Amino acid sequence: MKKLTNKAGRHKIDLKALKESEARFRSIVLWSPDAIIVTDAKGKIEYMNPAAERVFNRKVESFIGKDFGLPLVDGESTEIDIFRSEKDPGVGDMHVVEAEWLNKKAHLIIIRDITERKRGEEETRRLYEELKALDRLKDEFVSTVSHELRTPLATFQCIIQSLLGGIFGDFTKEQKEYLEMAKEEAQREAHLINNLLDLAKLESGKVELHRKGAKVSALAEEIVSSMRPQADEKKVALLMEIPGDLPEVLVDPGRIKEVFSNLLSNALKFSQAGGKVTISAGPTDNGQLKVAVSDTGIGISRENIPKMFSKFYQVEQTNSPGSKGTGLGLAICKEIIGLHGGKIWVESEPDKGSTFSFTLPIGKEE
């Protein structure tokens, strides 16, 4: 008798737990933001929760006893069209599981309204396509304008050079000074056009790198040698601190020399007499080589550091002599280093100098 009483007690507890479980289930179904639908084995709708009214924008009563209208496969997940009205179509994410409903085989269908998400994705895709189209237009514009400017500019440079060469006789000192100024400006414009074309190609991904194994010291030395007269004229020490036993890097030598040229040119431009520019290099922890170009120049303010690699951005030169650049050199460096799979960044303090660093992949030519 005692055993039967215990069993009955456990049975009562089980019934209580079952009722509590059923109450929780009903609460979840009633308050769920997703449409929850129950159909019989043949697909006729027997139950819909209040969220289904919001999803389909129709009263539950209009659905009861009707065919669901879509194939129902246990475990299947799929996107469906939600027909609310012609002006307000929707998209749902539907999940189907087999279940029991009132002791009969049934299908439990959960539909999440993902209309807004899909609209957002479509809008993002559309904006991405506008941006690509604008980028193409920009590239075409830059290329067209640059090519159109190249021919008259080359003619202009030829005329100035001929005049300075004495083709029409001697000029006064003042006339020669004006011609030299015109020559410098023409050279600067030509440099700007070439940089614009180069940057447009780099950004479009149309530049093909010709990689081979190279020593960073050899690449840097070539540019240092070409710039040493400029450094001597400014009385700035140009130093190299690159160990000879560093591993080779797998790079396009011409492009990396272009990076060195831009960084060294900037370092010298913003250095005062008695200062120094140092190139150093060493391995990193992630199997790359880090190269740094440091100077003791005027430095960069904290708010200007994030702008340094932007197109056409130029640091104010109030405290430094030298010709104004094109504002494209560092943007080109960023693209070149990025194409090599590296990173480039700058660390600086006003009046204490700057250090531009970049990484390159270690490797030999295959």
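**View 1. One turn of helix H3 separates Arg 125 from Glu 122.** In this predicted model, the two residues sit three apart in helix H3, which spans residues 115-164, so about one helical turn lies between them.

**View 2. Glu 123 forms a salt bridge with Arg 126.** Here the closest N and O atoms are 2.6 Å apart. Both residues belong to helix H3, three residues apart, or about one turn. Glu 123 comes out as partly exposed at 35%, and Arg 126 as partly exposed at 36%.

**View 3. Asp 67 and Lys 44 link two loops.** Their salt bridge has its closest N and O atoms 3.3 Å apart. Asp 67 is in the loop between helix H2 (50-56) and strand E3 (77-82), while Lys 44 is in the loop between strands E1 (35-40) and E2 (45-48), so the bridge ties together parts 23 residues apart in sequence. Lys 44 is partly exposed, at 36% relative accessible area. The whole structure has 14 salt bridges.

**View 4. Phe 260 in the largest nonpolar core.** This core has 46 residues, and Phe 260, Leu 264, Ile 279 and Phe 358 touch the most other members. Leaving out residues up to four places away in sequence, Phe 260 touches Val 216, Leu 219, Ala 220, Ile 223, Ile 279, Val 291 and Phe 358. Another core of 17 residues lies apart from this one, and includes Ile 37, Val 60, Met 94 and Ile 109.

Conventions: Residues are numbered from 1 along each chain as its sequence is written. This is a predicted model: local features need pLDDT of at least 70, side-chain atom pairs count only at pLDDT 80 or more; totals for chains, interfaces and linings use all residues. Side-chain values use heavy atoms; hydrogens and water are left out. A nonpolar core is a set of buried Ala, Val, Leu, Ile, Met, Phe, Trp, Tyr and Cys residues joined through side-chain atoms within 4.5 Å. Buried means under 20% relative accessible area, exposed over 50%, partly exposed in between (1.4 Å probe, protein chains only). Contact means heavy atoms within 4.5 Å. A salt bridge is a side-chain nitrogen of Lys or Arg within 4 Å of a carboxyl oxygen of Asp or Glu. Helices (H or I, at least four residues) and strands (E, at least two) are DSSP runs, numbered from the N terminus.
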